[in-house]
Amino acid sequence: MGWGCIELDNAAATAAGVVRLRRLAGRQAILLWLPELALATSTTADAVAISELRPLLDASRALWVTTPLGFSRTPELDLGWPMPLLPGPAVVSSVTASVAAIQGALGRQLLLENIAHHFPTVADGSEVAMLNAICEATGAGIALDLGALVRNAQNHGFDPERWLQTLALERVVQLRLGEWRDTGASRGAPPSGPPDEDALALAETVLARAPVRAVILPSGVLRGGTDMDSHALARISARLRWRRMPSQHPLPGGRAV
Amino acid sequence: MLATIAEGTACFVLDDGGVLFSAERQEMHVLNGPAMFVWCCLESALDLPSAVAAYARTFSLTPSEAERVMADVLCRWQGLGLVTDVRLRAASPVDLTTALGRLLTTPQLRRSFAQAPLELARSMPLRESDIPALLALDPRALEAQAALLQERLRQMRHAPAHESVSPPRHPAPPAGGFAACHRYRLLGTTIEIRYASARAAAIVHPVLAHLAVLEEFGPHAVLEVLDAMPGWVIVEDGLPRVECRRLPYLAPLVKSAVRRIALERHRCFAHIHAAVVSDGARCLALPAAAGSGKTTLTAALVHDGLRYFSDEYAPLEAPGMQVRPVPLALSVKPGAADALLPRFPHLAQLPVHRREDDQAVRYLPPPGPALPDDAPLPISWLVFPRYTPAQQTILRPLARPQALRLLLKECLVLPRALDRESVEQLVRWFRAVECFELSTGNLDEAVRLVLALCQQPEGSGTTLRTASPERP
């Protein structure tokens, strides 16, 4: 488990994000979350942005890059938010090609992260089949957002344990733990509250069976901003049998691991 | 009729193209000539054969080619909610994700999907192999996801520009009174800055001194720069806003606060990321992203006789899109200092500050004679600069539709929702503006070309280029 890593949000998209990366270079291993890679709709702009990102990733020793399994742009629209993909055959092949190209350009593994949404594909197995197929074809890993999984299971009425049985768990290298406190069901602001019991139980299952190398916790929990946050951190550590507590003083600007 | 124009959609002619505006979606689309032709056919309510024949004749196409192009354009507009009831079927298939994006953003399409999903999929037209995936989608789930997207977009529009951070400390004001107090005026707003220490005043005041006014101007806002041990806290109207740990970062933070306060209080149509200079009667704006050389060019133009309005922000005021001066000190980055030293030898002696993004800058106050009064002036020229080292310096006319696309990319803030009237004002202004692109390899040549442009009669549209070999 990589204590003391930092996950940065969408760092390539803003000057401030790039500055954070530069500041952290050489000091801290970094996991990067880039929600706008536009997997289903590669464009020239993406290619340019990605090529510019490579030196920063190298300098900051970024372990991998995480992106949602979704799309936030089409050739004519900028939605500004990851929306779920529909797993048609052409979509699977184009996302597979994009993932392979992005991994090549970045020189590191891409992790695809599940998102919470309203489409039935999350419950009927077609989305997880698409995720497995893309990872199988490209060598990409899976970042499992347990908060999103719990939300999907509640909204769509399925058993998350059974959903996990269909996932290629051997590819899960990152877990995200946190409770959704916002009103929406999709991936927006990262989880801001401590994980609930359902998510912790799922985390136990996954940690026992998957080669997880990093667990992302909400920054509030790690900073111990409230008594509830401090208590939550102790609870998580005990529940997941961590031998020592993660740092409660992550570097500014990121969520610690 | 080719299709029905959606309610709230309007189009304005701009040269041989146009600007399409959707009030419901709050979107502007710049149309090229052929697309504008199709729109004119719609507005003229031409029947299908007449429209296709006119298009074919105008663009030297066969009728079938013309019909295919028009169908693709109309179906795309339908996907974007700009028209409905398209009578033609597009020949070029759309991919599943593009179709989904259209459905998520266009209520009319979702209604059609709920009523006749297969018919809608074929009308888009979606690739045959992707149709089963779309048909498996429950219309209620699609509606729920679309509502979620709308809520997200609404949140984004109202989200603060910066992520929330812990509030800074709030140190007490100095017991013995402030060491210095100055009032500065920008965009008609007077801001009083109280410095708790002479050290803070010594680093910040020179950056703003050219904006200083007498105390008879009552302050609209008060900033206090308080010592916080270590560092400083900037307090705005009694509330601590930002904390600064190191002295080189202090002046940029205060300057940024002054600019923000002034811009927030200033009613305007839009804030454009552009430098602006003036010949005293008309303005020339240089819209461009950071790193394009606009500050360097602006400083040189000001030295060589033009008046200084801004090196970064241009607030456009409706109805005429006039621009008002925001003459904050020019932010000169290290790479630009050498080029400006012949004109501003004292630049090397100015202190180096650090912006929030860690960029080192020297703040060059504009020369006194270059400072305009506060009155707004019309923009007559838009010049889009691009720094191209070791390349020929060239100034060439730019088609207005293309220039408008570039300008919209540099639009930072639209304080109010767009309506038909405001978009019409924007387009009307744009019809009268001369637009150019400037590839700058040599600063002196660029200055010569821009000064010559300001002396040319309006509408000459000549391509001006250097003949001399370029140096990096």
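**Notes on chain B: its sheet and its side facing chain A**

1. Chain B holds an open six-stranded sheet with mixed pairing, in the order β8-β6-β7-β9-β10-β11. Strands here are DSSP E runs of at least two residues and helices are H or I runs of at least four, numbered from the N terminus; two strands pair if DSSP finds at least two bridges between them.

2. A word on the source: this is a predicted model, where local features need pLDDT of at least 70 and side-chain atom pairs count only at pLDDT 80 or more, while totals for chains, interfaces and linings use all residues. Residues are numbered from 1 along each chain as its sequence is written, and chains are lettered from A and ligands numbered from 1 in the order in which they are written.

3. Have a look at the sheet edges: β8 (212–213) and β11 (239–244) of chain B each have a single partner strand, so one side of each lacks a neighbour in the sheet.

4. Further in, β9 (221–227) and β10 (232–236) of chain B run antiparallel and are joined by five bridges. Val225(B) has Ile234(B) in β10(B) as its bridge partner.

5. Now to the partner chain: 28 residues of chain B are in contact with 29 residues of chain A (C-beta atoms, placed from the backbone, within 7 Å). On chain B, α4 (96–105), α7 (131–135) and α8 (139–158) each supply at least two residues of this side, and α8(B) gives the most, with nine.

Methods
Contact = placed C-beta atoms within 7 Å.
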